[in-house]
Amino acid sequence: MWRSQIFTLYPEIFPGPLDKGLYGKALEKKLWDMKVVNIRDTAIDKHKTVDDTPYGGGSGMLLKADVLANSLDQNKIDGERIFYLSPRGKKFDQNFALELSKEKSISLICGHFEGVDERVLTTRKIEEISIGDYVLSGGEAAAFVVLDSILRLLPGVLGNEKSIEDESFQSGLLEYPQYTKPQIWEKKSVPEVLLSGDHNKIKNWRLSQSEAITRDRRPDLWQKYKNN
Ligand code: SAH
């Protein structure tokens, strides 16, 4: 079973969208698991304070090192990689998702306010993940993104492993256009080649479409693909 631990101030948000559909079935089948930890549970004062103002001044509040570290230490799993969701982190992508899908267990810390005390990141050897160059108000939405992209890669979760292979990014190319019934809709027919039954022709058409879309929309991916 692939395991995750989520450290958050808003435990009620989880598992959110992740216990629906195929992911929900996979959760029941114990193909994956999520333990949600409320960071506030390890707050020590009677007000359950989790944050404080930054030394040196500046706006906002920081998650306190002692509270977060206690929370992590109480739930420590030997050998487990711990990640803090943060705009400063390594940019998350499909390869990163694949790498994490091969771990036994990962911990994700959802930050809030201005972030967390730096000392907890260094002493607990925490890696940072960013889901993109923009700033969210909290790490929860980022945790959903990271988990969603990992879960579909776990054996048995989607049921059809082939559908993963064809997906955007897996081959370094974006996906080709897809069509379903009805064959004619608003006077537009689906491309003739898809009705031909000629698997080779279909494969070539899809590849050329994928290449054209990638070249047009993502010159960065196109360069990488051409150099491979
Ligand atoms: N002051 C911080 C931003 C804090 S945003 C900075 O300038 O770097 C509040 C929280 O939202 C963060 O602690 C983090 O957990 C989450 N977050 C914001 N943007 C994110 C992103 N692009 N990727 C992952 N997590 C993000």
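Is glutamate 128 buried or exposed? Glutamate 128 has a relative accessibility of 17% and therefore counts as buried; the term denotes under 20% relative accessible area, with exposed meaning over 50% and partly exposed the range in between (1.4 Å probe, protein chains only).

The structure is a predicted model, in which local features need pLDDT of at least 70, side-chain atom pairs count only at pLDDT 80 or more, and totals for chains, interfaces and linings use all residues. Residues are numbered from 1 along each chain as its sequence is written, and side-chain values use heavy atoms, with hydrogens and water left out.

**Surroundings of glutamate 128**

Glutamate 128 belongs to strand β7, residues 127-130. Helices (H or I, at least four residues) and strands (E, at least two) are DSSP runs numbered from the N terminus. Leaving aside residues up to four places away in sequence, glutamate 128 touches Tyr84, Ser86, Arg88, Gly89, Lys90 and Leu121, where contact means heavy atoms within 4.5 Å. The side chain of glutamate 128 also takes part in the polar contacts tabulated here. A polar contact is a pair of N or O atoms within 3.5 Å; within protein, one must be able to donate a hydrogen and the other to accept it, and residues adjacent in sequence count only if both atoms are side-chain atoms.

| Side chain | Partner side chain and distance |
|---|---|
| glutamate 128 | serine 86, 2.8 Å |
| glutamate 128 | arginine 88, 2.8 Å |

**The sheet**

An open sheet is formed by 5 strands in the order β2-β1-β6-β5-β7, with parallel pairing. Because β2 (32-38) and β7 stand at the edges, each with a single partner strand, one side of each is left without a neighbour in the sheet. Direction ignored, neighbouring strands of this sheet are turned by 35 degrees against each other on average.

Two strands count as paired if DSSP finds at least two bridges between them. Strand β5 pairs with β7 in the parallel sense over 5 bridges, and leucine 85 has isoleucine 129 as its bridge partner in β7. Strand β5 (residues 81-91) is also joined by 5 bridges to strand β6 (residues 105-110), again in parallel; here the bridge partner of isoleucine 82 is serine 107.

**Domains**

The protein is divided into domain 1 (2-151) and domain 2 (168-227), with bounds from an automatic or database domain assignment. Their C-alpha centres lie 37 Å apart.

Terms used: Axes are lines fitted to C-alpha atoms, for helices over the stretch in contact, and angles run from 0 to 180 degrees between N-to-C directions.
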